[in-house]
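Look at the sequence and the 3D view below. Then read the short briefing on one helix and the strands around it.

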Amino acid sequence: MAIIIEQVTDPIRALLSKPFITSLDPFYPDINTWYHYQVVNQLDDSRSILIHAYDNDNLVGVAIAKKGTHGKLRCVRVTKDLENTGLGIRLINHTLDLIEDRHPLITVSEELFHQYSRAFHHYYNFKIEQVKKGLYRNNKLEYIYNQPFQ
């Protein structure tokens, strides 16, 4: 398996990410609208970063980030069959290089916390700075890494 990781700047190609993004809607209501306006529509802005990972011609992973004074790692998703293969780590590494921030702001819903915590805590040494209740959904916790959420 030869995975190719590349940055996406074309809004049409960005639409290929939709199934990965839609899978997060239970944790981040209306995420498709956010994706359209905050990611796809801003790909021409050098601060918006979208990464695709391909196995042959199949999209198998997505990472979204934002470059700035404090970078933000917004999303990392891989197909179920490639979880725990290191692809997520490769996507994160590539993204951290592009946003030029080794400890970006990251928020993780309580339901996804254990899916990401091993890599975030042990591999990257990211630190939980805050836990907020109701940030994106009523009565649900959001774990905030590396810097306070503003």
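The buried residues of helix 5 pack against strand 4 (72-78), helix 4 (87-99), strand 5 (106-109), strand 6 (128-133) and strand 7 (141-145). Packing here rests on contact, meaning heavy atoms within 4.5 Å. This is a predicted model: local features need pLDDT of at least 70, side-chain atom pairs count only at pLDDT 80 or more, and totals for chains, interfaces and linings use all residues. Residues are numbered from 1 along each chain as its sequence is written, and side-chain values use heavy atoms, with hydrogens and water left out.

**Helix 5**
- Helices (H or I, at least four residues) and strands (E, at least two) are DSSP runs, numbered from the N terminus.
- Helix 5 spans residues 113-123, and F113, Y116, S117 and F120 are buried in it.
- Seen down the helix axis, these buried residues fall within an arc of 120°, so they line one face of helix 5.
- That arc is taken from the directions from the helix axis to the C-beta atoms.
- The face turned away from the buried side carries the exposed residues H114, R118, H122 and Y123.
- Buried means under 20% relative accessible area, exposed over 50%, and partly exposed in between (1.4 Å probe, protein chains only).
- N125 follows helix 5 and has a positive phi, near 60°.

**Strand 7 and its partners**
- Four of the five residues of strand 7 are buried.
- Two strands pair if DSSP finds at least two bridges between them.
- Strand 5 and strand 7 run antiparallel, joined by four bridges.
- I106 stands opposite Y145 of strand 7.
- Strand 6 also pairs with strand 7 in the antiparallel sense, over five bridges.
- Y145 in strand 7 is the bridge partner of I128.
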